Amino acid sequence: MSNLKDMYKTLQQDPFPSDMTLTMGDQKLTFKKRTWELDGETKGLRYGENPDQPAALYELVSGGLEYDGIKFRGEGQGLVSALTEEHMIQAGKHPGKTNLTDVDNAINILQYLTAKPAAVILKHNNPCGAAWTDEGIGTALRNAFNADRIAAFGGAIVVNRPLTMEAAEVIDSAYFEVVAAPSFEEGTLDVLRKRKNLRILQIPGIVGLERFLGQPFLDIKSLMDGGMVVQFSFRNRILSAEDFIPATAEKDGSSYSARTPTKQEADDLLFAWAVEAGVTSNSVIFAKDGVTTAIGTGEQDRVGCVELAVTKARTKYADGICFDKFKMSLFELKLKALKDAQAAKDLAEIEQKAVEDKAGLKGSVLVSDGFFPFRDGVDLCMAQGITAIAQPGGSIRDHEVIQAVNEATPQVAMVFTGQRSFKH
């Protein structure tokens, strides 16, 4: 067999046509395949999800849909699908499907975070760190990176303000595959271009993403038998803290109600629920001061999702201590500890501190994309010191969950979102 590394260098010449038409009843959508002239060649997507899957990117160029009086996103609104050579400031290893879908999902999240400078770092189409702050894009990106340095390796960075030198220095400090921004401040591209394989994308349309709010796109899920499920895309109903619903329930003639969040708790719940729109379900997100502190994704049971998030948080918290103290990763310290008694002692102390400090989760809020079917998941996250929860509500055991937060000392706040945020 030839060198296995060659599979990642080989470009797939896709067999797909230059245009595509989708007809739904009497409404029609016309798409054009996106290609780029790079290095004297016409290139489409590098490949699909895996190197042996040919793939093509199509942009909607004419037509539109309207159902139940709701107009869908249509032509002239392209972002990732509208990228031209001019926007591909540096192609690096020019993009494949996963690079662009990561950027797209970050934009999906950022449409709900336009009020402040915000940054999202994604891996495998899930955010590993996200942050927003009035202190600027540099601080937002640094906070997003520090939220999970481990998962951020090789990730895609997307920001919603012009990329600053401070942000460029964060990018230059670690390995990333993609960076996308609406524009780049003077001097930043000189820093970024030093990393020849970094894909640098300018997407001016990231400015003004609020224009998409409330307007769905046609969400298509292909089935293995060749069939398709089509749906209205998710539309976030929580666009301000005032949109949360008080958590109340009735059971056997008794009424139950939870504490209302403080302003800071409500702001963090709003932020976390926005990030939740881009996370694979079942999922929960911990957040504090506009930064994700833990993200649990893709679990089959909700309590297991909380357990996963907490376990990952302990690891990345310990990694942060290790890096600050010894300028090495937790994994490197673990290898050293196998042969070095002092390193083993240092490792034990760091891991113990991560447990004692509750992985830095104390004071966080929590959002859940689905309701809590039992109070076990709530009890588990409260044990980490969270102060407020937002969840869809609607469980037959809502009263038990409200009882759980009311029994906590200090009392934990809870609100309902009135909608589920599953993403499969």
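# Briefing: ring pairs, cores and backbone features

Five aromatic pairs are counted, where rings of Phe, Tyr and Trp (its six-membered ring) pair if their centres lie within 6.5 Å, and planes under 30 degrees apart count as stacked, over 60 as edge-to-face and the rest as tilted. The model is predicted, so local features need pLDDT of at least 70 and side-chain atom pairs count only at pLDDT 80 or more, while totals for chains, interfaces and linings use all residues. Residues are numbered from 1 along each chain as its sequence is written, and side-chain values use heavy atoms, with hydrogens and water left out. Helices (H or I, at least four residues) and strands (E, at least two) are DSSP runs, numbered from the N terminus. Buried means under 20% relative accessible area, exposed over 50%, and partly exposed in between (1.4 Å probe, protein chains only).

**Aromatic pairs and charges over rings**

- The ring centres of Phe 72 and Phe 232 are 4.7 Å apart and their planes stand at 65°, so this pair is edge-to-face.
- This pair links distant parts of the chain, 160 residues apart: Phe 72 is in the loop between β7 (70-71) and β8 (88-90), and Phe 232 is in strand β15 (residues 228-232).
- Phe 72 is buried because its relative accessible area is 3%, whereas Phe 232 counts as partly exposed at 30%.
- Trp 132 and Phe 271 form a stacked pair, because their ring centres are 5.9 Å apart and their planes are at 20°.
- Since Trp 132 lies in strand β10 (residues 126-132) and Phe 271 in helix α7, the pair ties together parts that are 139 residues apart in sequence; both Trp 132 and Phe 271 are buried.
- Tyr 67, Phe 72 and Phe 232 are linked into a cluster by ring pairs.
- The charged end of Lys 116 sits over the ring of Trp 132, 4.7 Å from its centre; a charge sits over a ring if NZ of Lys or CZ of Arg is within 6 Å of the ring centre and within 35 degrees of the ring normal.
- The ring of Phe 323 has the charged end of Lys 327 over it, 5.8 Å from the ring centre.

**Nonpolar cores**

- The largest nonpolar core has 52 residues, of which Val 103, Ile 107, Leu 201 and Ile 203 touch the most other members; such a core is a set of buried Ala, Val, Leu, Ile, Met, Phe, Trp, Tyr and Cys residues joined through side-chain atoms within 4.5 Å.
- Helix α7 (residues 263-276) gives this core its largest share, seven residues.
- Beyond its neighbours within four places in sequence, Val 103 is in contact (heavy atoms within 4.5 Å) with Val 80, Val 158, Val 178, Ala 180, Leu 201 and Ile 203.
- Ile 200 lies in strand β13 (residues 199-202) and is buried, with a relative accessible area of 0%.
- Leaving aside neighbours within four places in sequence, the contacts of Ile 200 include His 87, Met 88, Val 179, Phe 184 and Leu 192.

**Strands and a covered helix**

- Strands β1, β2 and β5 form an open sheet in the order β1-β2-β5, with antiparallel pairing; two strands pair if DSSP finds at least two bridges between them.
- The edge strands of this sheet, β1 (19-24) and β5 (58-63), each pair on one side only.
- Five bridges join β2 (residues 27-33) to β5, and Leu 29 has Gly 63 as its bridge partner in β5.
- Strand β9 (residues 118-123) pairs with β10 in the antiparallel sense over six bridges; Ile 121 has Gly 129 as its bridge partner in β10.
- β9 and β10 form a hairpin with two residues between them, and His 124 in the turn has a positive phi of about 50°.
- β10 is mostly covered, with seven of its seven residues buried.
- Helix α3 (residues 137-147) is also mostly covered, with eight of its eleven residues buried; among them are Ile 137, Leu 141 and Phe 145.

**Cis peptides and positive phi**

- Ser 281 and Asn 282 are joined by a cis peptide bond with omega of about -15°, and Asn 282 is in the loop between α7 and β19 (284-288).
- The bond from Thr 409 to Pro 410 is cis, with omega near -5°; Pro 410 is in the loop between α12 (398-407) and β23 (413-416).
- Asp 252, although not a glycine, has a positive phi of about 50°; Asp 252 lies in the loop between β17 (248-251) and β18 (254-257) and is exposed, with a relative accessible area of 74%.
- Lys 327 likewise is not a glycine and has a positive phi of about 55°; Lys 327 lies in the loop between α8 (302-326) and α9 (330-337) and is exposed at 59% relative accessible area.
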